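Look at the sequence and the structure first, then read on.

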Amino acid sequence: MLERVGVKSLDDLYADVPAGFIYKGEYDLPDALSEQEVRDWFEGLAARNTRLKVFAGAGAYDHYTPSVVPYIISRSEFLTAYTPYQCEISQGTLRYIFEFQSMICALTGMDVSNASMYDGPTAAAEAMRMAVASARKKNTVLLSSTLLPNVVKTVETYAKYFGTNIVMIGSENGQTSLEALRRAMECGDVAGAIVPGINRFGIVEDLTGFAETLHEGKALFVEYCDPSALAVLKTPAEWGADVAVGDGQPLGIPLCFGGPYVGFMACTKDHMRKLPGRIVGETVDGQGRRAFVLTLQAREQHIRREKATSNICSNESLMALFVTVYLSLMGPEGMKEVNEKSYAGAHLLHDELLKTGKFEEVFDKPFLKEFVLKPLVDVKALQAKLYERGFFGALETEEGYVSFCVTEKRTRAEIEALVAAVKEV
Amino acid sequence: MKYYDRLIFELSKSGRRAYTLPASADPASRFAIPAGLLRAEAPALPEVSEVDVVRHYTNLSQMNFGVDTGFYPLGSCTMKYNPKINEEIAAMPAFQGIHPLQDESTVQGVLEVYYQMDKALSAITGMKHFTLNPCAGAHGELTGLMVMRSYHASRGDFARTKVIVPDSAHGTNPASAAVCGLSIVEVKSNASGLVDVEDLKPLLGPDIAGIMMTNPNTLGLFEKDIREIASLVHDCGGLLYYDGANMNPLLGVVRPGDMGFDIMHLNLHKTFSTPHGGGGPGSGPVGVADRLAEFLPTPKVVEENGRYRIVGDAPLSAGQVSGYMGNFGVILRAYAYILMLGKQHLALAGKLATLGANYIKESLKDAYKLPIPSVCKHEFVFDGLIDDGSATGKPGATTLDVAKRLLDFGFHAPTIYFPLLFHQALMIEPTETESKETLDAFIDVMHEIAREAAEDPDILHGAPHNAPISRPDETMAARRPVLKYQDELS
């Protein structure tokens, strides 16, 4: 091979590199290991993690993963493919993305979904930019103070560099205040608002009047949602939202220390051409057969460069497949059951915790699977006791409340054991 | 591969189930969310059996081509083989079951992966510290530019609002700069395909935040004037950003930190062999020189006396760029890859990737136009066929036709029509994991296609002939968008 190339050694391939830049050292890395040694090394690390029964949410939910899902997504035809640039040999990827878009639209009620984003918080940040791009010259985006802290932080970071003003809207009795939203609109510079469907207190927000208020001021209404809960809750479309964003993680994606997850982003037809990211569309091939392609690419960076709707040039494709297979398995009935069972467990725990006398109710608002209480005991001691018994719960909020989350995976026995542990604090 | 035409929705039959769930913790519970907060109708999801789901997605997979299917010489994408041990490690329940907000004391094993990965990537690149929080290459670019802007802002220098991007750059560079609130100044390439230093000089000034460079660039050429470029940019007060999309050929040979770069990103899904997953999840760690470390995003992992801690906020940090700490599952795979290869084999990967690319280039330059004949690195660009067959009186075969014909022979196509510098660009990157036999088979097929083009370009115009579908009508897709199953029904 060297002869064909016309060089004498591998080093000659780098003759154009100024000599001073050639790295003469040896990487400060271990020597090569065998598979067995690598496996042993990671097993050693694994032993330094503690697996806990998860009674916490805050953006990452421990829902059940049916065995079919990891089985399908580990098929190498999906796993080892690149972005579907050559559509003739990527119909598998393109079809499941089309199905993903269809399911996100079914859950949100929106007209158009993209092929997915990195995660929920970055999808919210993209929605912030989409609001500014849609509203000519207006440059303020409102964020509800009941959004998850990691969503707020991520949107604030993007806004700081993009040059958009962020104004927080206060809450009232655990829910975004419509009155505060109205007041915030008065500045006349509001391009949009991001409000959660279920908030960081676990409360299902009543968004009556939000669409009217925002649309009157020609501002975009963005709802940040939990797609699992959307199987039963009023949809962003029903609330009158223009854009729905969120994280697909609650659809059975393993916690995996925060990633990979998958963001989603859907909107009404009016905003379709401002949507960032990949979009798959249906067409026909030369023989008139149904075929799928990446479409509306005039929005994207490889065509538009700096004028693109976003810099995102991929999606979280395999995790979009994860969600698609999960939703296929669960169907409308399974999703209803997930929500009902999570609701049942969460309300059982909520009531039992109050009975211990170690907490007080904070809000009298409907919740689904996550809730906050005001602790009457030391939070650190409470958390330590839960860790000691193999539970992860009682996450502290900035107000000093503690939050708990119960999914369909948590059994009655686990809930009772957690309550018993709390009684000892 | 064969054509399969169903969508999962078309298999739906009312009442069919494919799931089981544990018993309710409280069977007496009544779902009492007020009706005004509930949706009017159940979502239109499919109702199918487990075997329906498994067969459907197995059939879909059979219309797909992956690295495990065959050679994938997609330029700038570094489609190397993805070792299977990495999948096994990432699937370990002791990692998959960890909640991202668990107390540090319960996730010491996880945090050690972050710490060791930071050290390993720093050793490989000559940078000081890495954040692993960005979820993709473009996300890394954006994060790196945020670091750049934070650095200038910390010095009270708010005038630096422009970033220089070469005309050969990946499209994400200018797009990332725009998302970061920077405006773009383009620097031209010279006749040898390198950044034109004379064109660069007048662009430099007090309004320049920095320059984004890909080295080797998208033509596969080493920017040998990098020393002069670095000192020019630094002298004007700007920073150098290294786009690590093309880092693979430099493994073991050149470290970006030694070339004067201040900020860089890597693509773990390229250089460090994590599977591309049909377009993600990836991971785009960002590394910086010592003086920029305090501007890296949060949260971050620090080590103190053998214990690992998560720092949630830091005064000078660029901020939080993703929900938690990036794609941990991808980071695990990449670290397993680094451990398997070790320092010696990792250092050899770059040279072997470069050898493969040059071997293909030299073997095919008799049939394809080679606009820049010098030694390339991991990839190179042809500018279409030498004889496109137009002498036959039929329309000549284009790069698109060559790409589509390759599919018939069981190869993935190269990257086409990029970089924009050449009208018929055909960008080939073989990677180090392919044998000489595979490269020879590819070379033979490329020669065969060139012969077909010269004799009867219509064979190419009609390609692919053996793929699950023939070329689709993309205009119709954009003109009358059908973007979900429900659109099809209406």
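A:Lys355 and A:Glu352 both belong to helix 12 of chain A, where they sit three residues apart, about one turn of the helix. Their side chains meet in a salt bridge, with 2.9 Å from N to O. Bear in mind that this is a predicted model.

How open are the two partners? A:Lys355 has 62% relative accessibility, so A:Lys355 counts as exposed. A:Glu352 has 26%, so A:Glu352 counts as partly exposed.

Next comes A:Thr356. A:Thr356 is found in the loop between helix 12 and strand 13 (359-361) of chain A. Is A:Thr356 buried or exposed? A:Thr356 is buried, because its relative accessible area is 17% and buried means under 20%.

Which residues does A:Thr356 touch, leaving out those up to four places away in sequence? The contacts are A:Val419, A:Val422 and A:Lys423.

## Two domains in chain A

In chain A, 28 residues of domain 1 are in contact with 25 residues of domain 2. The size of an interface is often given as the accessible area lost when the parts come together. Here domain 1 and domain 2 of chain A bury about 2100 Å² between them. Carbon and sulfur atoms hold 63% of that area. On the domain 1 side, A:Thr65, A:Phe363 and A:Lys365 lose the most area to domain 2 of chain A. Together they make up 25% of what that side buries.

## What holds the domain contact

Three salt bridges are found across the interface of domain 1 and domain 2 of chain A. Elsewhere in the listing of charged pairs, A:Arg200 forms a salt bridge with A:Glu398, and their closest N and O atoms are 3.8 Å apart. Six residue pairs are in polar contact across this domain interface of chain A.

Which elements supply the domain 1 side of chain A? Helix 12 (317-355) and strand 14 (370-375) of chain A each give at least two residues to the side that touches domain 2. Helix 12 of chain A gives the largest share, four residues. By class, this side of domain 1 of chain A has 15 nonpolar, five polar and eight charged residues.

## Where chain B meets chain A

Now look at the two chains. How many residues does the contact take from chain B and from chain A? The count is 203 residues from chain B and 174 residues from chain A. The area buried between chain B and chain A is about 16200 Å². Carbon and sulfur atoms give 63% of this area. In chain B, B:Arg39, B:Lys343 and B:Leu483 lose the most area to chain A. Together they account for 5% of what that side buries.

Across the interface of chain B and chain A there are 13 salt bridges. The side chains of A:Glu26 and B:Lys343 meet in a salt bridge, 3.4 Å from N to O. The interface of chain B and chain A also has 98 residue pairs in polar contact. Helix 9 (residues 328-364) of chain B supplies the largest share of the chain B side, 27 residues. The chain B side that touches chain A divides into 118 nonpolar, 52 polar and 33 charged residues.

How many salt bridges does the structure hold over all chains? The total is 55. In chain A, a network of salt bridges links A:Lys53, A:Asp62, A:Lys409, A:Arg410 and A:Glu414.

Chain B has pairs too. B:Glu198 forms a salt bridge with B:Lys201, the closest N and O atoms being 3.2 Å apart. B:Glu198 counts as exposed because its relative accessibility is 54%. B:Lys201 has a relative accessible area of 33%, so B:Lys201 is partly exposed. The side chains of B:Arg255 and B:Asp258 meet in another salt bridge, 3.0 Å from N to O. B:Arg255 is buried, with a relative accessible area of 17%. B:Asp258 counts as partly exposed, at 33% relative accessibility.

How values were computed. Residues are numbered from 1 along each chain as its sequence is written. Chains are lettered from A and ligands numbered from 1 in the order in which they are written. This is a predicted model: local features need pLDDT of at least 70, side-chain atom pairs count only at pLDDT 80 or more; totals for chains, interfaces and linings use all residues. Side-chain values use heavy atoms; hydrogens and water are left out. Contact means heavy atoms within 4.5 Å. Buried area is the accessible area (1.4 Å probe) that two parts lose on being put together, summed over both. A salt bridge is a side-chain nitrogen of Lys or Arg within 4 Å of a carboxyl oxygen of Asp or Glu. A polar contact is a pair of N or O atoms within 3.5 Å; within protein, one must be able to donate a hydrogen and the other to accept it, and residues adjacent in sequence count only if both atoms are side-chain atoms. Ala, Val, Leu, Ile, Met, Phe, Trp, Tyr, Cys and Pro count as nonpolar, Asp, Glu, Lys and Arg as charged, and the others, Gly among them, as polar. Buried means under 20% relative accessible area, exposed over 50%, partly exposed in between (1.4 Å probe, protein chains only).
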